[in-house]
Each structure stands twice: as structure tokens, then as C-alpha cells.
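Hello,

I am passing a structure on to you, and you will find it just below. After it come my notes on what turned up when I went through it.

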Amino acid sequence: MADDWTLLTGVVSHPDALLERLLTEVTWTEQMRSRRTASMGLPYNYSGAEYPPAPWHPAVAELRDRVGALAGFTPTNCLLNLYPTGRHSLGWHSDDTDILAPGTPIAIVSLGAERPLGLRRDSEDGFEYRSQPLPAGSLLLMSAAMQATWRHRLPRHKTLEPRVSLTFRHIVRVMSEGERRAASGRPPEW
Ligand SMILES: O=C(O)CCC(=O)C(=O)O
């Protein structure tokens, strides 16, 4: 994985059971426009949202350790996204890697409805587009390097079923939202 992404399937053995558990046991917030979110572990501030330090749900802590062992890094935060239906989405963006331990990936575990991740990067003829399906129980590893060239999004999709993503990061630097904006120089698109 140099400046790219890798998908591993079948990482969660009972994805539907875990989905049901998280839907009912996690306290979801409505800070974001088109999805619900929850954060566990170290604080994480981005795109106008601020998540204070929070305890790990035991099932998420178990998954964190499995993902860390598979991907070779130590997640210190998990941001969970709940898309209640296919109408809920996430716009084009790249992730801030300044706050991460150098060279560590962002690891995304998917539960519920299979949705495609859209990817795009600049090319000589405009944008080059890719689409990566994210089946329930899979783990997507996005390298830190790809964030410099690729943007990604979760577009609207034809489904009435919920999807939950668990996004694990090895955060080492906690930035205030003002610092984050000044560092990236880019307005958030979501
Ligand atoms: O819900 C997803 O799978 C997308 C999450 C995402 O784009 C991100 O964490 O940067």
C-alpha cells in the first residue's frame, strides 16, 4: 500500500449482529449534515465538529485491536458514521494526515448496506474516477499518502437500509478546529 487503498473482506465474522448492537447501544450525535456520528478514544476535531475524549464501547475496542493487528498500527480514535438510508451521504474530501502518527493508514470497517466509496484524482483530462464497493464486514485501508492525491466520498445510493462505518485513526496530535482549518487551507466540503 503506497499511495493507494486496499480492501480486506470477511474481517468481521457477524457483521449484522455487530450492526444491531451499535445501532442500539451507541449514543449517536447529529453534528453533521447528512449522517449521524459518534467518537471513541482521543478527541477528534474536524469540519466544524468537535468530539471530546470518550470511552470505547467494548465491541468497538475489540474491533480496534483486531484492526490494529491486521493493519500494523495502533488506533487511538474511532469515528463512527451512521447513514440511516441511501439518501444519507458524505461529500468529496481528503482526510487530514497531519494529526496522525506518520505513515499510518485510516482503516474503515463497514457494516450494513453495501455502498460504494467514490474516489477521484486530478488527471490531464480532468478527473480520474474510481468506485470501491464496501461490503459488510470488510476493512478498507486508505494509505496516508493517498490523501495527498485522491479525494473520496460516500455518494447517495439506492437503498433504504442503514450503513455504519467505523473509521480508525492513530491520532497523535489533537488540533482545535481553528488550527485545523488554518493548516489545511481548504474549506470543508461536507
Ligand atoms: O463512511 C465511510 O465509509 C467514509 C468515511 C470517510 O470518508 C472518512 O472517514 O474519511
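Let me begin with a term for how parts touch: two residues are in contact if their C-beta atoms, placed from the backbone, lie within 7 Å. For directions, axes are lines fitted to C-alpha atoms, for helices over the stretch in contact, and angles run from 0 to 180 degrees between N-to-C directions. Helices (H or I, at least four residues) and strands (E, at least two) are DSSP runs, numbered from the N terminus. With that in hand, helix 1 lies across strand 5, strand 7 and strand 12, and runs at about 95 degrees to strand 7.

Two notes on the source. Please keep in mind that this is a predicted model: local features need pLDDT of at least 70, and side-chain atom pairs count only at pLDDT 80 or more, while totals for chains, interfaces and linings use all residues. Residues are numbered from 1 along each chain as its sequence is written.

Now to the helix itself. A residue is called buried if 20 or more other C-beta atoms lie within 10 Å of its own, exposed if 12 or fewer, and partly exposed in between, with C-beta atoms placed from the backbone. In helix 1 (residues 15-25), Leu18, Leu19 and Leu22 are buried. Looking down the axis of helix 1, the buried residues fall within an arc of 105 degrees (taken from the directions from the helix axis to the C-beta atoms), so they line one face of the helix. The face turned away from that buried side carries the exposed residues Asp16, Ala17, Thr24 and Glu25. And what covers the buried residues of helix 1? The cover includes helix 2 (58-71), strand 5 (77-83), strand 7 and strand 12.

Those strands bring us to the sheets. Two strands pair if DSSP finds at least two bridges between them. An open sheet of 6 strands has the order 1-10-7-12-5-2, and its pairing is antiparallel. Strand 1 (5-8) and strand 2 (36-41) are its edge strands, each pairing on one side only. On average, neighbouring strands of this sheet are turned by 20 degrees against each other, direction ignored.

- Strand 7 and strand 10 (residues 139-142) pair antiparallel over 4 bridges, with Ile106 opposite Met142 in strand 10.
- Strand 7 is joined to strand 12 (residues 163-169) by 6 bridges, again antiparallel, and Val109 has Leu166 as its bridge partner in strand 12.
- Strand 5 and strand 12 pair in the antiparallel sense over 7 bridges, where Cys78 stands opposite Phe168 in strand 12.
- Strand 2 is joined to strand 5 by 6 antiparallel bridges, and Ser39 has Leu79 as its bridge partner in strand 5.

Which side of strand 12 is covered, one or both? Both faces are: Arg163, Ser165, Thr167 and Arg169 on one side and Val164, Leu166 and Phe168 on the other are all buried. In a regular strand the side chains alternate between the two faces of the sheet. Strand 7 (residues 106-112) is also largely enclosed by the rest of the structure, because 7 of its 7 residues are buried.

Strand 8 (residues 115-123) and strand 9 run antiparallel and are joined by 9 bridges; Pro116 has Pro133 as its bridge partner in strand 9.

Next, the ligand. Its surroundings are Asn81, Leu90, Asp95, Ile108, Leu117, His152, Leu154, Ser165 and Thr167, where a residue counts as near if its C-beta atom, placed from the backbone, lies within 6 Å. Strand 11 (150-154) and strand 12 each supply at least two residues of this shell.

Best wishes
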